[in-house]
Each structure stands twice: as C-alpha cells, then as structure tokens.
Amino acid sequence: MPQRDEGGDEPVFKKSQWGTNRYVYNANNPIGLALIIISCVVFVVFMYLIQARKGPFEPPKRTPWSPSINENPTYPWGEHDEHEHDTPTTDATPSADATPSAGLTPSGGESPSAAR
C-alpha cells in the first residue's frame with residue numbers, strides 16, 4: 001500500500017489509470033476514503049432494502065376487491081312497476097311464460113307469423 005502523504009495535499013479525486021478520461025475517488029485523501037466507504041455502505045443498504053422489499057421498495061397494501069358502480073348498476077324501473085319490467089338477469093334459461101317475439105328466427109330467416 002502506498003505511503004500516505006502527511007502534508008494533506010492529495011486531491012479528493014484523481015484521474016483514472018484505465019485509459020479513460022474519468023475521475024475516481026482518491027483513497028490517499030481522508031475525504032476520498034470516506035466517500036469510498038460511504039458509497040459501499042449505501043450500496044449494501046439499498047441492495048438489502050430491494051431484496052427484503054422494505055422501505056420505498058415495499059409493495060403497496062392490497063385492498064379488498066369491491067365492484068364499481070358500472071359493474072353493479074341499480075335498475076330504478078324495478079321499484080315502480082314490479083310486473084311490467086323485471087331486473088335483467090344473467091341466467092340463460094328462459095322463464096315458463098317466455099314467448100318468442102315476431103321477427104327473425106335464430107337461424108336468421110323471418111318467422112312464419114311475421115310474414116303474414
């Protein structure tokens with residue numbers, strides 16, 4: 001390890017010796033050495049927080065699901081005339097009093113009663 005200069009005239013940053021024009025911390029300067037240690041400690045703490053999913057990396061709390069108003073609409077016509085209009089159903093089975101309407105048949109052609 002190189003001897004430290006007691007005069008304190010070492011720069012905090014020195015030019016990299018890897019052939020680039022970048023500067024690096026100088027470990028021969030006490031401030032440069034402190035910056036090296038602080039950088040390593042900050043890196044280790046952030047890696048722990050990321051791995052443990054703590055602090056700013058904690059996932060958001062899950063809220064229980066509730067349907068929006070668009071998924072659970074209310075039908076105001078069901079309150080006034082109970083026999084004329086029923087609330088729409090998602091059940092695909094027809095009711096006992098269901099009658100086919102005049103018009104097109106399921107095959108796409110016109111029904112015989114509508115042709116008259």
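Select Ile-50 to begin: at a relative accessible area of 41%, Ile-50 is partly exposed (buried means under 20% relative accessible area, exposed over 50%, partly exposed in between, with a 1.4 Å probe and protein chains only). The model is predicted, so local features need pLDDT of at least 70 and side-chain atom pairs count only at pLDDT 80 or more, whereas totals for chains, interfaces and linings use all residues. Residues are numbered from 1 along each chain as its sequence is written, and side-chain values use heavy atoms, with hydrogens and water left out.

Ile-50 belongs to helix α1; helices (H or I, at least four residues) and strands (E, at least two) are DSSP runs, numbered from the N terminus.

**The whole chain**

Three helices and two strands are present, and from the N terminus on their order is β-β-α-α-α. Of the 116 residues in the protein, 5% are buried. The protein exposes about 11,000 Å², with 58% of it supplied by carbon and sulfur atoms; accessible areas come from the Shrake-Rupley method with a 1.4 Å probe, and for residues only the protein chains shown count as cover.

**The nonpolar patch**

Next, select Ile-38, Val-42, Phe-43, Val-44, Phe-46, Met-47, Ile-50 and Phe-57, which form a nonpolar patch on the surface with about 730 Å² of accessible area together. Patches are made of residues with over 30% relative accessible area and no salt bridge; like charges are joined within 9 Å, and nonpolar side chains (Val, Leu, Ile, Met, Phe, Trp, Tyr) within 5 Å.

**The aromatic pairs**

How many aromatic pairs does a search of the whole structure find? The search finds two. Rings of Phe, Tyr and Trp (its six-membered ring) pair if their centres lie within 6.5 Å; planes under 30 degrees apart count as stacked, over 60 as edge-to-face and the rest as tilted.

Select Phe-13 and Tyr-25: their ring centres are 5.7 Å apart and their planes stand at 35 degrees, so this pair is tilted. The pair links distant parts of the chain, with Phe-13 in strand β1 (residues 13-15) and Tyr-25 in strand β2, twelve residues apart. Phe-13 is partly exposed at 45% relative accessibility, and Tyr-25 is partly exposed at 34%.

Move on to Phe-46 and Phe-57, an edge-to-face aromatic pair with 6.2 Å centre to centre and 75 degrees between the planes. Phe-46 lies in helix α1 and Phe-57 in the loop between α1 and α2 (77-80), so the pair ties together parts that are eleven residues apart in sequence. Phe-46 has a relative accessible area of 40% and is partly exposed; Phe-57, at 32%, is also partly exposed.

**The salt bridge**

Select Glu-58 and Lys-61, whose side chains meet in a salt bridge (3.1 Å, N to O). A salt bridge is a side-chain nitrogen of Lys or Arg within 4 Å of a carboxyl oxygen of Asp or Glu, and the structure holds one. Glu-58 is partly exposed at 43% relative accessibility, whereas Lys-61 is exposed at 67%.

**Asn-26**

Finish at Asn-26, in the loop between β2 (23-25) and α1 (30-52). Is Asn-26 buried or exposed? With a relative accessible area of 1%, Asn-26 is buried. A polar atom of the Asn-26 side chain lies 2.8 Å from the backbone oxygen of Pro-11, and a polar atom of that side chain lies 3.1 Å from the backbone nitrogen of Asn-28. Leaving aside residues up to four places away in sequence, Asn-26 touches Glu-10, Pro-11, Val-12, Phe-13, Lys-14, Gly-32 and Leu-33 (contact means heavy atoms within 4.5 Å).

Note on methods: A polar contact is a pair of N or O atoms within 3.5 Å; within protein, one must be able to donate a hydrogen and the other to accept it, and residues adjacent in sequence count only if both atoms are side-chain atoms.
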